[in-house]
Amino acid sequence: MKIHNFCAGPSILPNEVFNQASRAVKDLDESGLSLLEISHRSHAFVNIMDEARDLALELLNLSGSNYTSLFLQGGASSQFLMTAYNFLKNEAAFLNTGTWSKKAIKEAKLFGKVDVLGSSEDKNFNHIPDFTISKAYDYFHCTSNNTIFGTQMNTFPDTEIPIFCDMSSDIFSRQLDFSKFDLIYAGAQKNLGPAGATLVLIKNDLLDNIKSNVPSMMNYKVHADKSSMFNTPPVFSIYVSMLNMRWLKSMGGINEIEKNNRKKAEILYSEIDLNPLFKGHSEIKDRSIMNATFNLTDDSFKQTFESMLSEANIEALAGHRSVGGYRASMYNAMSLDSVKVLVEVMSELESKI
Ligand SMILES: Cc1ncc(COP(=O)(O)O)c(C=O)c1O
């Protein structure tokens, strides 16, 4: 039975990745040993780590000598404080576009001054606010995709100030000039792999600009100098992330997956716009192609709609409590067919009423 899983994260991964990962848990590459019982310093795992780090750079067009990729622990939430711990010397600028930006701002305030250049909080984060960077800061921090509210940044500032970006929910989903960013981070559990690893891509220049007295586990340079093996890394998450990046590369990389992602978003948003029973949460110009947030225009259809969803084997469509309604997360591994099933249910509801 095919389940259409729209979960916002942890989320779906390609079936072939699940199959290969489950085989490796029992027997890694016919070694007779489980991926989970070999030393992280073994050749087998060092090769996995190297391939994962290289693939991340390659897929983002960042290969070469300018960037280092790291797989760290503590989730994207640890990056909220780690970025500030390493680089907030005086004042940093932030864009407040939702729950995750707010959390990043809160952590940064523990380390220095924070200037919020724009916020859409007064409109329940239904758009990306305008902003300008008019003075020098240690860095500018933004969230490229707002998982909870369903908005996404389409442009990023041209500035001399280092740009740090939380790409947890849209990394590897669309093409950008990634070299614009000085530091990118993403928790694995959406477009990358299972929870447990956090991908960080950092410009090498920054590694020489870290504050003094940053504890080892919080220090990007310590992790970079040890090739992301300062301590035992989350081996399973990294291995599955590597398999998933191999899959993405074999699909034609970001350019190809982006076409699919845009098609999925297009058919869902056109149903939301055309069907009078639904309304979208976000402003059209800032809609996310990863997480579509919407609601019923009349709550009395809720029960009928939800029983139709479950009959169609649609899972995890509930919106986050701060928005309500529904949220369809359409990460890379989601097929166009699954989105079509959802769209059919929505249009069937209209024809029933
Ligand atoms: C955009 C964004 N940033 C940060 C986080 C927090 O990630 P983690 O749970 O890995 O700390 C999430 C989680 O969903 C997210 O969507």
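**Note on the predicted model**

1. I284 is found in the loop between β11 (278-280) and β12 (291-296). Helices (H or I, at least four residues) and strands (E, at least two) are DSSP runs, numbered from the N terminus. I284 and T151 are 133 residues apart in sequence, yet C-alpha to C-alpha they are 9.1 Å apart in space.

2. Ground rules. This is a predicted model, in which local features need pLDDT of at least 70, side-chain atom pairs count only at pLDDT 80 or more, and totals for chains, interfaces and linings use all residues. Residues are numbered from 1 along each chain as its sequence is written.

3. Overall build. The protein has 10 helices and 14 strands. Its radius of gyration is 21 Å, close to the 20 Å of the globule rule for 353 residues, so the protein is as compact as a globular protein of that length. That radius is taken over C-alpha atoms, and the rule is 2.2 Å times the number of residues to the power 0.38. Along the principal axes, the C-alpha atoms fill a box of roughly 65 × 60 × 30 Å. Buried residues make up 44% of the 353 residues. Among contacts with a separation of 6 or more, 66% join residues 24 or more positions apart. Two residues are in contact if their C-beta atoms, placed from the backbone, lie within 7 Å.

4. Domains. The assignment gives domain 1 (15-250) and domain 2 (253-352). Such bounds come from an automatic or database domain assignment. The two centres, taken over C-alpha atoms, are separated by 27 Å. In the interface, 24 residues of domain 1 are in contact with 23 residues of domain 2. On the domain 1 side, β6 (145-146), β7 (151-152) and α7 (235-250) each supply at least two residues. By class, that side has 6 nonpolar, 14 polar and 4 charged residues. Here Ala, Val, Leu, Ile, Met, Phe, Trp, Tyr, Cys and Pro count as nonpolar, Asp, Glu, Lys and Arg as charged, and the others, Gly among them, as polar.

5. Ligand shell. The ligand is surrounded by G9, G75, A76, S77, W100, T143, T147, D166, S168, S169 and G187. A residue is near a molecule if its C-beta atom, placed from the backbone, lies within 6 Å of it. Helix α3 (residues 75-87) gives the most to this shell, with 3 residues. The shell's classes are 2 nonpolar, 8 polar and 1 charged.

6. Strand β5 (residues 140-143). Both of its faces are covered. F140 and C142 on one side are buried, as are H141 and T143 on the other. T143 also belongs to the ligand shell. Strand β3 (residues 91-96) pairs with β5 in the parallel sense over 2 bridges. A93 has F140 as its bridge partner in β5. With strand β8 (residues 163-166), β5 pairs in the parallel sense over 4 bridges. There, H141 stands opposite F164 in β8. Pairing requires that DSSP finds at least two bridges between two strands.

7. Backbone points to check. A cis peptide bond joins G9 and P10, with omega about -5°. P10 sits in the loop between β1 (4-5) and α1 (15-26). G9 is one of the residues around the ligand. N124 is not a glycine but has a positive phi of about 45°. It lies in the loop between β4 (113-119) and β5. N124 is partly exposed, with 14 other C-beta atoms within 10 Å. N313, also a residue other than glycine, has a positive phi near 60°. N313 lies in the loop between α9 (302-311) and β13 (314-315). It counts as partly exposed because it has 13 C-beta neighbours inside 10 Å.

8. A buried leucine. L206 is found in helix α5 (residues 204-207). It is buried, with 20 other C-beta atoms within 10 Å. Leaving aside neighbours within four places in sequence, L206 is in contact with P162, D182 and L183. L206 and Y220 are 14 residues apart in sequence and 9.2 Å apart in space, C-alpha to C-alpha.

Key. Buried ≥ 20, exposed ≤ 12 C-beta atoms within 10 Å, placed from the backbone.
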